[in-house]
Amino acid sequence: MATHKSAVKRHTQSLERRARNKANLTRLRTQIKKLRTTVASKDEPAARQLLPETIALIDRSIQKGIVHENTAARYKSRLTRLVSTLSARRPSAK
């Protein structure tokens, strides 16, 4: 454990940052799971509504340094493609 006053402060700050980063990452993962669950239940309107919210959360996570830019791009691409499969599967009404 740290003994110098400055080292104690740095340790406290690192614990606070860790808790904040963990909360943000948990929030992001939960939102992604919620979107994937909605797509799995084939609820297209709800999925289309959740997609922009999820993408916005992913973008905020990049700014906060929670996820890397390329990782975020991969998430956004895969989620967008997943939601677009809902409309592709829909049978045409005749």
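Author: Residues are numbered from 1 along each chain as its sequence is written. In this predicted model, local features need pLDDT of at least 70 and side-chain atom pairs pLDDT 80 or more, while totals for chains, interfaces and linings use all residues; side-chain values use heavy atoms, without hydrogens and water.

Reader: How many salt bridges does a search of the whole structure find?

Author: Two.

Reader: What makes Arg48 and Glu44 a salt bridge?

Author: The term requires a side-chain nitrogen of Lys or Arg within 4 Å of a carboxyl oxygen of Asp or Glu. Arg48 and Glu44 meet at 3.2 Å, N to O, so the pair qualifies. Both lie in helix α2 (residues 44–63), four residues apart, about one turn of the helix. Helices here are DSSP runs (H or I, at least four residues), numbered from the N terminus.

Reader: What makes Lys76 and Asp59 a salt bridge?

Author: Their side chains meet at 2.8 Å, N to O. Lys76 lies in helix α3 (residues 69–89) and Asp59 in helix α2, so the pair ties together parts 17 residues apart in sequence. Lys76, at 23%, counts as partly exposed. Asp59, at 30%, is also partly exposed.

Reader: Why does Lys42 count as exposed?

Author: Because its relative accessibility is 56%. Lys42 sits in the loop between α1 (5–40) and α2. Lys42 has a positive phi of about 60° although it is not a glycine.

Note on methods:
Helix = DSSP H or I, 4+ residues; strand = E, 2+ residues; numbered from the N terminus. Buried < 20%, exposed > 50% of the residue type's maximum accessible area, 1.4 Å probe, protein only.
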